[in-house]
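Q: I would like to learn how to read the side-chain contacts and surface features of a model such as this one. Could we go through them step by step?

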Amino acid sequence: MSLTPEAILNAHKSNLETLFGLTQKAFDGVEKLVELNVAASRAALSDAASHSQQLLGAKDAQQLLALQAQWFQPLAEKTAAYSRSLYDIANGTGAELAQAVEARSAELQKNLGDLIDSTTKNAPAGTEAAVAVLKNSISAANNAAESVQKAVKQASDMAQANIQAASRNVSDAVKSSTQQG
């Protein structure tokens, strides 16, 4: 690879394609989020209207309290389900973006390595030490970037496991309180 006008133009085209691809993935995630919120809002409105009608039909305070108690259990379950769906959308969109960025990063690293190799082949005599330092610096930067990516992935996996465990605990707690009540 060399720095010809065609190579620069191709690099810009590739960068634009990547940018538009990432933007599309982000918009897809936002679209899913909007759909989730519309569905949740519609269901909440319907549930509130139904519950209000039931409350208006209560004959005494005991029945009113029983209706309120019955309403909270499904509400807690729906809230937990909404949270799980929200997390799934965010996690899925983030994973797609990370995957695209990783792929593009690997391609850029390869292109940079090819450019350095082709440039150093034509380097003047006596610059071998400087070329070696440059290659080592780039290699160290690539290794550091890979280490950061691995650490972020591990943290993300751990967070996902914790959220799933918390979600199960909330769901189990709601079920057990319903069975006791």
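A: We begin with a definition: a salt bridge is a side-chain nitrogen of Lys or Arg within 4 Å of a carboxyl oxygen of Asp or Glu. This is a predicted model, in which local features need pLDDT of at least 70 and side-chain atom pairs count only at pLDDT 80 or more, while totals for chains, interfaces and linings use all residues. Residues are numbered from 1 along each chain as its sequence is written, and side-chain values use heavy atoms, with hydrogens and water left out.

Q: How many salt bridges does the structure hold?

A: The structure holds two salt bridges. In one of them, the side chains of Asp 47 and Lys 78 meet at 2.2 Å, N to O. This pair links distant parts of the chain, 31 residues apart, with Asp 47 in helix H1 (residues 5-56) and Lys 78 in helix H2 (residues 61-121); helices (H or I, at least four residues) are DSSP runs, numbered from the N terminus. The side chains of Glu 107 and Arg 104 meet in a salt bridge at 2.9 Å, N to O.

Q: What separates Glu 107 and Arg 104 in helix H2?

A: Glu 107 and Arg 104 are separated by about one helical turn, because they are three residues apart in helix H2.

Q: Which of these side chains are buried or exposed?

A: Buried means under 20% relative accessible area, exposed over 50%, and partly exposed in between, with a 1.4 Å probe and protein chains only.

Q: Which residues form a nonpolar patch on the surface?

A: Patches of this kind are made of residues with over 30% relative accessible area and no salt bridge, nonpolar side chains (Val, Leu, Ile, Met, Phe, Trp, Tyr) being joined within 5 Å. Here Leu 16, Leu 19 and Phe 20 form such a patch, with about 320 Å² of accessible area together, as given by the Shrake-Rupley method with a 1.4 Å probe. Phe 20 lies in helix H1 and is exposed, with a relative accessible area of 56%.

Q: What is the mean pLDDT of the protein chain?

A: pLDDT is the predictor's confidence in each residue, from 0 to 100. The mean for the protein chain is 82, and 93% of its residues reach 70 or more. Among the elements of the chain, H1 has the highest mean pLDDT (90) and H3 the lowest (75).

Definitions and conventions. Helix = DSSP H or I, 4+ residues; strand = E, 2+ residues; numbered from the N terminus. Patch = residues over 30% accessible without salt bridge, like charges linked within 9 Å, V, L, I, M, F, W, Y side chains within 5 Å.
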